[in-house]
Amino acid sequence: MRNVYLGIDVGSVSTNIVCIDEEFSVLYSEYVRTSGQPLEAVKRGLKKAAVALPGDVEIRGVGTTGSGRQLIGVMVGADVIKNEITAHAVATTNVVPDVRTIFEIGGQDSKIIVIEDGMVVDFAMNTVCAAGTGSFLDHQAERLAIPIEQFGEMAASARRDVRIAGRCTVFAESDMIAKQQFGFSKAEIIKGLCEALVRNYINNLGRGKTLQPPFVFQGGVAANSGIKAAFEQEVGHQVIIPENFNIMGAIGSAILAREHVERTGEATNFRGFGAADLHFEPVSYECDGCSNCCEIIQVKMDGKIVAVWGDRCGAKQQSVNCSTCAG
């Protein structure tokens, strides 16, 4: 049997599931639209993985990351549950060991991670402004009636520069309309839009940070060569795009799962691909135990409470842990 490690990155837009082998090579990857239902998205992904993976592999460890990492970690029986910054940094340093700066732009958020000697020393995330994420580009592509896949090619064909105000999607839209009325072509508008996104990204996330090469650009938006070119113009240096640029978070969580299993010698907690058939039910309520009135998120598996989050005192989380230990 071949030992493999499962990594799951659960985001608000997409869910990525990967399997890596002992040499960190990607044996399998699956992209699933989250569609606001992370549990259902992971269940669909697990069912596909169970069919697609060869019969001679054994899951030795599982890691989860992303905004839905805790819930999905409980669902699949994850060995490690890590934030996106850690997962992305681990995956990137595995393929570019001397990386100093990571640019990551996904559908709904973006990140910048500063690395020294393979360790994260600084980072910033943008989770509240759509102007610095892939959804910003998607919306403008839809407005211009141009497939997002053609953005890079069109940006490269621009003959003139035009500055688009990209700090806010509302201003960007009105500025684009104004520039079109001044006679700039769609290609020139798109080039200006790519530069606006990168300018906005650097101003918001890179402010106060020393950005040094090697630069690595990843996340779904890294497929857009227009954004890559805009980054290279902004930092004045080559920007590397790793082969698996769109699944780096999932790869990182799989690597972390392998490191955990090797370090502890423990058997994996993975519930198996049959977890896709278990029934999980989240419940939300306000705790009346004290004046904090914490919002408690409780998850039941087939009627039994398996996870609790949200209580500042930790009493309810502890009660679940003790119940699990006793069981």
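Predicted model: local features only at pLDDT ≥ 70, side-chain atom pairs only at ≥ 80, totals over all residues.
Let's start with helix α1, which covers residues 38-52, and helix α2, which covers residues 69-76. Their axes are 10 Å apart, and the two helices pack at an angle of about 45°. Angles under 35 degrees count as roughly parallel and 65 to 115 as roughly perpendicular, so α1 and α2 end up being called oblique to each other. The crossing of these two helices, α1 and α2, is right-handed. Which residues in α1 and α2 meet? On the α1 side, look for P38, L39, V42, K43 and L46; on the α2 side, find L71, I72, M75 and V76. If you sort the residues of this contact by class, eight are nonpolar, one is charged and none is polar.

Now move along to helix α7 (residues 186-205) and helix α8 (residues 225-235). Here the axes come within 9 Å, crossing at roughly 55°. That angle makes α7 oblique to α8. The handedness of the crossing between α7 and α8 is right-handed. From α7, the residues taking part are K191, C194, E195, L197, V198, Y201 and I202, and they meet G226, I227, A230, F231, Q233 and E234 in α8. This contact of α7 with α8 holds eight nonpolar residues, two polar ones and three charged ones.

The crossing of α4 and α7 is right-handed. On α4 the contact is made by F136, L137, Q140 and L144, while α7 brings K186, I189, I190, L193 and L197. By class, the contact between α4 and α7 has seven nonpolar residues, one polar and one charged.

Next up is the largest pocket. How much space lies in it? The answer is about 920 Å³. A set of 35 residues lines this pocket, and S14, G106, G107, G220 and V221 are the ones that lie nearest its centre. Several elements give two or more residues to the lining: the strands β1 (2-10), β2 (14-20) and β3 (26-33), along with the helices α3 (84-95), α4 (134-144) and α9 (248-264). Which element gives the most to the lining of the largest pocket? That would be α4, with four residues. Sorted by class, the lining of the largest pocket has 17 polar residues, 10 nonpolar and eight charged.

Let's finish with two backbone details. The peptide bond from P213 to P214 is cis, and its omega is near 0°. You'll find P214 in the loop between α7 and β9 (215-218). The other spot is D117, which has a positive phi of about 50° even though D117 is not a glycine. To locate D117, go to the loop between β7 (110-116) and β8 (119-126).

Key
Residues numbered from 1 in each chain as written. Heavy atoms only, no water. Axes fitted to C-alpha atoms, helices over the stretch in contact; angles between N-to-C directions. Parallel < 35°, antiparallel > 145°, perpendicular 65-115°, else oblique. Left-handed = near helix turned anticlockwise from the far one by under 90°. Contact = heavy atoms within 4.5 Å. Nonpolar A, V, L, I, M, F, W, Y, C, P; charged D, E, K, R; others polar. 1 Å grid on protein atoms, 1.4 Å probe; cavity = no way out; pocket = protein on both sides within 12 Å on 5 of 7 lines; lining within 4 Å. Points joined across faces, edges and corners; volume = space filled by probe spheres on them.
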